[in-house]
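Hello,

Here is the structure I promised to pass on to you. Please have a look at it first; my notes follow below.

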Amino acid sequence: DAINFVTRVTKPFLMVNGRHDIVFPYETNQLPMYELLGTPPEHKRHYTAESSHVVKRDELIREVRAWFDRYLGEPEPLGGPEGG
């Protein structure tokens, strides 16, 4: 049961959901989970797309890449730091 563990999550956390999701409804599932996360507010993000359960691929990729860049650093160009 996620409710018993969500407060123990303290690592950076990105949550991507659809606002009109019928599987995990916004008001009764998404918001309570996000608010109960043990992660400090500055290290958690809840991106809510104007969709149902499936978020458009371009939105998902944009959000995940920005998150990875923030926490893992921007990737080096192909061929190494010199780009060659």
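**Two loops and a helix**

D21 counts as buried, because its relative accessibility is 5% (buried means under 20% relative accessible area, exposed over 50% and partly exposed in between, with a 1.4 Å probe and protein chains only). You will find D21 in the loop between β1 (13–18) and α1; helices (H or I, at least four residues) and strands (E, at least two) are DSSP runs, numbered from the N terminus. Leaving out residues up to four places away in sequence, D21 touches Q30, S51, S52 and H53, where contact means heavy atoms within 4.5 Å.

Before going further, a word on the source: this is a predicted model, in which local features need pLDDT of at least 70 and side-chain atom pairs count only at pLDDT 80 or more, while totals for chains, interfaces and linings use all residues. Residues are numbered from 1 along each chain as its sequence is written, and side-chain values use heavy atoms, with hydrogens and water left out.

What does S51 contact, apart from its neighbours within four places in sequence? The partners are G18, R19, H20 and D21. S51 itself sits in the loop between β2 and α2 (57–72), and it counts as buried because its relative accessibility is 13%.

For D21 and R70 the C-alpha distance is 27 Å, at 49 residues apart in sequence.

Over in helix α2 there is V64, which is partly exposed with a relative accessible area of 24%.

Now for the chain as a whole. It has two helices and two strands, in the order β-α-β-α along the sequence. The radius of gyration is 16 Å, well over the 12 Å that the globule rule gives for 84 residues, so the chain is more spread out than a compact globule; the radius is taken over C-alpha atoms, and the rule is 2.2 Å times the number of residues to the power 0.38. The C-alpha trace spans about 50 × 30 × 20 Å along its principal axes.

Of the 84 residues, 25% are buried. Among contacts with a separation of 6 or more, 66% join residues 24 or more positions apart.

How confident is the predictor, and what is the average pLDDT of the chain? The average is 93, and 94% of the residues score at least 70, on a per-residue confidence scale from 0 to 100. Among the elements, strand β2 (residues 44–49) has the highest mean pLDDT (98) and helix α1 (residues 26–36) the lowest (96).

Best wishes
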